[in-house]
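Here is a friendly tour of a protein model, written for someone opening it for the first time. Keep the sequence and the 3D view side by side as you read.

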Amino acid sequence: MIAVSNTSPLILLDKINCLWILGKLFEKVYIPQSVNKEWLRPGDYVTPECVVVSELSNEALSKAERLYQDLDRGEADAIALFADTHRDILLLDDLKARKYAKSIGLSVAGTVGILITAKRKGMISELKPLLEDLKKHRYYLSENIYNEALILANEI
């Protein structure tokens with residue numbers, strides 16, 4: 001399975017020491033150059049092998065530029081790259097970007113969805129502590145999403 005990602009899943013998974021999950025779930029995770037620039041990493045940081053920086057084609061860039069007025073650059077570029085390359089899943093957390101991507105028929109998952117999948121595949125033993133860690137890093141999770149995630153992970 002091959003994904004395209006925006007910045008937030010990369011940052012959030014890294015903050016909770018779960019970036020390794022991407023390499024277990026996906027053969028490759030493509031990111032546009034704008035996401036690579038947004039994803040601030042210390043100088044000696046080793047980017048996982050599965051993450052590949054990809055340039056936008058002229059057609060994708062044109063699509064992205066139309067989205068810049070409504071979405072952040074990284075989100076718009078990730079959506080355009082995904083639409084242009086027909087990968088398996090688009091990784092986005094921003095609600096507005098997710099709604100837009102779904103409205104044009106793209107397959108979308110967020111950080112919580114990635115963690116639920118990891119739990120279902122036995123890569124992590126518990127979801128709840130990771131959700132709590134996300135909240136400590138100022139990731140907003142509504143009570144409904146929090147509870148739904150725990151139900152989907154068979155923890156409630």
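## Leu81 and its neighbours

Leu81 touches Val4, Tyr30, Ile31, Pro32, Ser54, Glu55 and Leu56, leaving out residues up to four places away in sequence; touching, or contact, means heavy atoms within 4.5 Å. You'll find Leu81 in helix H5, which covers residues 73-85. Helices (H or I, at least four residues) and strands (E, at least two) are DSSP runs, numbered from the N terminus. With a relative accessibility of 2%, Leu81 counts as buried. The cut-offs are these: buried is under 20% relative accessible area, exposed is over 50%, and partly exposed is in between, using a 1.4 Å probe and protein chains only. Leu81 and Ala60 sit 21 residues apart along the chain, and their C-alpha atoms are separated by 5.9 Å.

## What kind of model this is

This is a predicted model, where local features need a pLDDT of at least 70 and side-chain atom pairs count only at pLDDT 80 or more, while totals for chains, interfaces and linings use all residues. Residues are numbered from 1 along each chain as its sequence is written, and side-chain values use heavy atoms, with hydrogens and water left out.

The score called pLDDT is the predictor's confidence in each residue, from 0 to 100. The protein averages 94, and 98% of the residues score at least 70. As a rule of reading, where pLDDT is low, the predicted coordinates should not be read in detail.

Now go to strand S1 (residues 2-5), where Ser5 has its place. Ser5 counts as buried because its relative accessibility is 0%. Setting aside neighbours within four places in sequence, Ser5 is in contact with Leu10, Val29, Tyr30, Ile31, Pro32, Val35, Ala78 and Leu91.

Thr7 belongs to helix H1 (residues 7-15). At 5% relative accessibility, Thr7 counts as buried too, and the buried residues of H1 are Thr7, Pro9, Leu10, Leu12 and Leu13. Which side chain makes a polar contact with the side chain of Thr7? That partner is Glu38, at 2.5 Å. (A polar contact is a pair of N or O atoms within 3.5 Å; within protein, one must be able to donate a hydrogen and the other to accept it, and residues adjacent in sequence count only if both atoms are side-chain atoms.) Neighbours within four places aside, Thr7 is in contact with Val35, Glu38 and Trp39. Just after H1, Asn17 takes a positive phi of about 60 degrees.

The largest pocket has a volume of about 780 Å³. Of the 33 residues lining this pocket, Arg98, Gly110, Thr111, Val112 and Gly113 are the closest to its centre. A pocket is found on a 1 Å grid over the protein atoms alone: it is an open set of points where a 1.4 Å probe fits, with protein on both sides within 12 Å along at least five of seven lines, and lining residues have an atom within 4 Å of a point. Grid points are joined across faces, edges and corners, and a volume is the space filled by probe spheres set on the points. Helix H7 gives the most to the lining of the largest pocket, with six residues. By class, that lining has 19 nonpolar, six polar and eight charged residues. Here Ala, Val, Leu, Ile, Met, Phe, Trp, Tyr, Cys and Pro count as nonpolar, Asp, Glu, Lys and Arg as charged, and the others, Gly among them, as polar.

The second largest pocket holds about 160 Å³ of space. Its lining includes Pro32, Ser54, Glu55, Leu56 and Tyr68. H3 gives the most to this lining, with three residues, and the lining divides into four nonpolar, three polar and four charged residues.

## Out towards the surface

His86 is in the loop between H5 and S4. His86 has a positive phi of about 55 degrees, although it is not a glycine, and its relative accessibility of 67% makes it exposed. Arg138 lies in the loop between helix H8 (128-136) and H9. Arg138 is not a glycine either, but has a positive phi of about 65 degrees, and it is exposed, with a relative accessible area of 80%.

Ile151 is found in helix H9 and, at 49% relative accessibility, counts as partly exposed.
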